[in-house]
Amino acid sequence: MIKIIAQKEFRDILRDGRFRWIAGIVGILLLSSLLAGWHHTVSMSSDHASAQETMREQWLNQGEKNPHSAAHLGIYAFRPIPELALIDPGINLYTGTTVWLEAHYQNEFDYRPARDSLPVARFGALTASVVMQILIPLIIIVLCFQSITSERENGTLRQIFATGVKPAHFFAGKMLGTAGAVLLVLIPAALAGATALTLFSVDGGVYFADITARSAMMALGYLAYFCVFLGIAMGVSAIAGSSGSSLLILLAFWVLNCLVVPRAASDLARSVYPTPSGQEFRQMVAADMREGIDGHNPADERMAKLRERLFEEYGVESIEDLPVNFEGVALQESENYSNEVYNRRYSELWIRYEKQNRLRDLTGIVAPVMALRSVSMGAAGTDWHHHRHFAQAAESWRRMMVEEMNDALIYESDSQNYADNIRTRELWASVPDFDYQPPGIGKVVREMRFPAIILGIWLIAGGAFPFLLSRRLTYQSKL
Amino acid sequence: MSLINYEWKLLRSGYGFNVAIIVLAAAGFYGVWNGVSWSQFQEMAIDTALEEEIRTYSELRETAEQAAVDKAADSYAMNPGLVGLFYSRPAAMPPAALAATSIGQSDVYPYLFDVTAHRKDDFLHQEEMDNPNNLLLGRFDLAFVVVYLVPLFIIALTFNIVSGERERTTWPLLLSQPVSVYRLIGLKLLLRGSAVGGLLLLFLVAVLLLRGEGVSLSLLMVWSGSAALYILFWLILSFAVNVRKGSSAANGLILISCWIVWVFVIPACIQMAASTLHPVPPRSTLIEETRQVETEVRVDPAGLLEDWYEENPEMRPENFDPDMYNFPLFWMAIQEESARLLEPLASEYDRALESQYHFVNSARLLSPAVLMQDILNELAGSGYPRYRHFINQVDRFHREHIDYFKTRTYAHQQLRASEYDDLPRFEYEEEPVYRPVKRALAAAAGMAGWSLILFLAGLPFIRRLQSLE
């Protein structure tokens, strides 16, 4: 019986001109967004990979110079663009694309792509994730809002139940039929997405070794989300007094879910966990450097203490008598100190960001799209956790490179004179290339467990909703 | 008048209208509060920068004074090259008078730079810090309420203005009344639109009460007029759909589809087209080229200086020794030369964005939502034109800053303590009000055009209102 109802529902939907129009338009938008996403991902990915190679060449071919000068040249680390960004570019538009890794400074990421665009971009990019998060639920609503109400308004509901069909089977059939129609829109897009991902692996190798697992995680997330809307739409259609009110209620939920809660959550997160302005942050760092962390050990005192310590350690009374290069030692001490400052300030900032993110995830209790967003971006590798992971890897490389340069200066110098301590390509080549390894799926799943649980709860609630109502639905009831 | 009273009572009697108004009011005041908070945040950041500037330059001046007393000729505070290159001057664009009404791009476009005598791109990439997730989701400001939510409320209040009467079988009763049905429908639409419009005016008043300094009357009039025009557009759309005499559900579906197309789909397509037709070159190219140029230019900074002294022999110091390493002098010469060589590439980015702007300026006619957002951004000063106006001023100040310190550095002059009062400082000059007003009015004309088109589209069907069916 479920199968018969499902087939009937499926046929009715296909015959409906509205579905053909809407599905056609959304299908085209989905395919276009995938194509645009693929083109953008391929070109950015290729640019970044090529730029990273150039950085290495420039580092190796920088000529002969003092190691500290080399440390100031440093390299730029370009954030890699994972393949699944073609579906969900996540926060990539709003994080800088590159960071300068040089001595003394843990620089901020530069060149947000969003800055190279106009205010119209704030209406939202046409990406596959946006189409699936916003427009597919709308299709589901359009298909379901009068699924039960129209039967009631046409007087056919009583007739159906009079045949002995169980309400639960009736709902199941309706939902399956609708799901089939929605899949007609999604399957071509899924095939296109899979083809694009395959092309990546043919062209230049995939960024994520576990791309299959990530793709599956993303697909499951979206399927769960669609099922939530299917269940809610069917349930509302069952309890609404008319098709008009059913549509109104569902659209209100859709607006709340897709539009209002995301923005309100963002501003709420900022209010509850405010972060300093860029100016304040840079000044806090500068003050720490100048005056010492917690106001102790200002820079001059640190330098004087270092000189005393070295004199005592090596039993000398002047810098010229030291068996190590004083400037190199001072530079490394300064780096150690500044690293402490940056560790403190950046971790304070990032903890705030993560509290904001957690609060935002919590609003998924009200709006399932918030939970889905985190799962989708996490699977795609375009969320905050992946950005932070890259930033930390880049910073680790920077500190290693600077320490190598300072060690060369400290232990391999013939003179205390800066100009005399020249090194060659041999030293530059001894620093390993910056070779970033993204986090594995296990770490991603751990970071995503909170929003995934919320999405799971929505799936259970949304799926159960129409079936709980079905107990009240009989041919004699006013439902 | 009694008809208005009657219709108003009828409207108020249904819980739907009351709920809608309360929800819209809550959303609007929340949007106002967010906009005000952001403006205050920007002002605090600018004040922090200015306080730091005062502190830094006071210290420098004191150091220079002490160095003069101690006759310490090599004091950093007396070295114009070191001061110009390594002690920045803030260049800030304060929030405009109506900034709280629309955050626009002001959280993405920088409003504060630390200008030094380094190359422009050294500080131009400076950006405000924010959680990228927050930026991605956008802001819940008054502009969001106006552009996105107001149409939804209007749709919710008017989608069944004719169909509802028919479905409740009161339509024949209405037609039998000694009142023109056109007048009645027009009154229903007008009352609902006025309620929403009245709320928007209240929001504007709230903004003025909280941050009303320096707001010109012309800005207020254009803001109010544009909001009214936007409401009128959605009312006329609702009218054009209602006169088709479809069911409430069908009306709702058509109206929400129009909303989706104009608020989501068309703007996203415009952005996609703009970035495809006028792509901004990848920043990786700029970085690679910059490092290459810098490496080449660093080979012979003394040679660069010699070339400059040949063109400006009166500036050549008597004691200039090209073999003697002079870091600030050489570094300044390197910055100048590499800026000159990189200028063509750097300009490509500005040109691409300008091209996108001109394209979007035309394409936005396809969407009243984009037009309205642009109007609100213009009046709030959070759009692209005001940002460009700021960047142009930063460019000019940067040039002035470089010239001041370069002249003294190249001439081996010292910076005296008394000269600290005359050092160039950035003073932002606001655009004359008529410019954003003019740009906003151009967009408003586009919206008026849409309203006319829709009204004319609905006219052939208007006779249907007379039918009992």
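Author: Start with a definition: a polar contact is a pair of N or O atoms within 3.5 Å, where within protein one must be able to donate a hydrogen and the other to accept it, and residues adjacent in sequence count only if both atoms are side-chain atoms. By that rule, a polar contact of 2.8 Å joins the side chains of Glu52(B) and Arg55(B).

Reader: What kind of model is it, and what are the ground rules?
Author: This is a predicted model, in which local features need pLDDT of at least 70 and side-chain atom pairs count only at pLDDT 80 or more, while totals for chains, interfaces and linings use all residues. Residues are numbered from 1 along each chain as its sequence is written, chains are lettered from A and ligands numbered from 1 in the order in which they are written, and side-chain values use heavy atoms, with hydrogens and water left out.

Reader: Which helix is Glu52(B) found in?
Author: Helix H2 of chain B, residues 15-70; helices are DSSP runs of H or I with at least four residues, strands are runs of E with at least two, and both are numbered from the N terminus.

Reader: And what does Glu52(B) touch, leaving out residues up to four places away in sequence?
Author: Gln283(A) and Arg290(A), with contact meaning heavy atoms within 4.5 Å.

Reader: How many residues does each chain bring to the contact?
Author: Chain B brings 77 residues and chain A brings 81 residues. The two chains bury about 7300 Å² between them, 62% of it on carbon and sulfur atoms. Buried area is the accessible area (1.4 Å probe) that two parts lose on being put together, summed over both.

Reader: Which residues of chain B lose the most area to chain A?
Author: Met129(B), Leu137(B) and Arg291(B), together 12% of what that side buries.

Reader: How many salt bridges between the chains?
Author: Six, each a side-chain nitrogen of Lys or Arg within 4 Å of a carboxyl oxygen of Asp or Glu. Arg283(B) forms a salt bridge with Asp116(A), their closest N and O atoms being 2.8 Å apart.

Reader: OK, voids. How many cavities of 30 Å³ or more?
Author: Seven. On a 1 Å grid over the protein atoms alone, a cavity is a set of points where a 1.4 Å probe fits but cannot get out, and lining residues have an atom within 4 Å of a point.

Reader: What volume does the largest cavity have?
Author: About 610 Å³, a volume being the space filled by probe spheres set on the points, which are joined across faces, edges and corners. The largest cavity is lined by 33 residues; among those nearest its centre are Gly124(A) and Leu136(B).

Conventions
On a 1 Å grid over the protein atoms alone, a cavity is a set of points where a 1.4 Å probe fits but cannot get out, and a pocket is an open set with protein on both sides within 12 Å along at least five of seven lines; lining residues have an atom within 4 Å of a point.
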